[in-house]
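Please keep the sequence and the structure in view while you read.

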Amino acid sequence: MIRRPPRSTPKPSSAASDVYKRQQLHVVDNMAHAHTTAHLVKECSEELNDDDEENNFLVVHEADAFNPDLSATLAPGVQFDFLWIDLGAANRIETFLKNFWFRVKPGGYVAVHSTLTNSLSREWLEKMRMLARNGGKKADGSVSEYGVFETMSFLEPHKLFQNSFTVFQRRDAHPIDSSEYAEPVLTKFP
């Protein structure tokens, strides 16, 4: 019998470690609906998190997502790596996203629920797709408040209602003073 030494797992570089430390999932819900899973998400965040909010992975904000001042009431400098929008009111998605887009980190993601099979959401989605195809520019050539971004939609065929979602990735540092974003190389051998 030949014994092999155990494989050593290479430690990630400090740059990679820093990237993973900073990842956070923020959840905004008013907790008004007792029969949803929002309360369970809040319980999970309380179990997962410690007292150091900066290093918490799952952060729940119990607030009204339709409040136009919500973004301003969060801690200064908080930026999102991933934002899941499940508002249930298609006519308010655009306003909500405009209020939060500047808080999404370059390279960060925004997922919006129920976008393909809801007529109000679909109308908004088509406008966003047009902006994405045009490099973040409006029909008149001016830069939109979203800057450069990518988008991809997914159907959830196992569901009868609210059976889709769309993911947006912010691709620039600032919509007006744009610089191209590229995913970081986090491997030892690029």
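A search of the whole structure finds 8 aromatic pairs, where rings of Phe, Tyr and Trp (its six-membered ring) pair if their centres lie within 6.5 Å, with planes under 30 degrees apart counted as stacked, over 60 as edge-to-face and the rest as tilted. The structure is a predicted model, in which local features need pLDDT of at least 70 and side-chain atom pairs count only at pLDDT 80 or more, while totals for chains, interfaces and linings use all residues. Residues are numbered from 1 along each chain as its sequence is written, and side-chain values use heavy atoms, with hydrogens and water left out.

**The pair of Trp101 and Tyr146**

- The ring centres of Trp101 and Tyr146 are 5.4 Å apart and their planes stand at 80 degrees, so this pair is edge-to-face.
- Because Trp101 lies in the loop between helix 4 (93-100) and strand 4 (104-113), and Tyr146 in the loop between helix 5 (119-133) and strand 5 (149-155), the pair ties together parts that are 45 residues apart in sequence; helices (H or I, at least four residues) and strands (E, at least two) are DSSP runs, numbered from the N terminus.
- Trp101 and Tyr146 are both buried, a term for under 20% relative accessible area, whereas exposed means over 50% and partly exposed in between (1.4 Å probe, protein chains only).

**The pair of Phe154 and Phe165**

- With ring centres 5.0 Å apart and planes at 20 degrees, Phe154 and Phe165 form a pair that is stacked.
- Phe154 lies in strand 5 and Phe165 in strand 6 (residues 164-170), so the pair ties together parts that are 11 residues apart in sequence.
- Phe154 counts as partly exposed at 33% relative accessibility, and Phe165 is partly exposed with a relative accessible area of 21%.

**A cluster of rings**

- Trp101, Trp124, Tyr146, Phe149 and Phe168 are linked into a cluster by ring pairs.

- Asn163, which lies in the loop between strand 5 and strand 6, is buried with a relative accessible area of 12%.
- The side chains of Asn163 and Thr117 are joined by a polar contact of 2.5 Å, meaning a pair of N or O atoms within 3.5 Å; within protein, one must be able to donate a hydrogen and the other to accept it, and residues adjacent in sequence count only if both atoms are side-chain atoms.
- Thr115 lies in the loop between strand 4 and helix 5 and is buried, with a relative accessible area of 0%.
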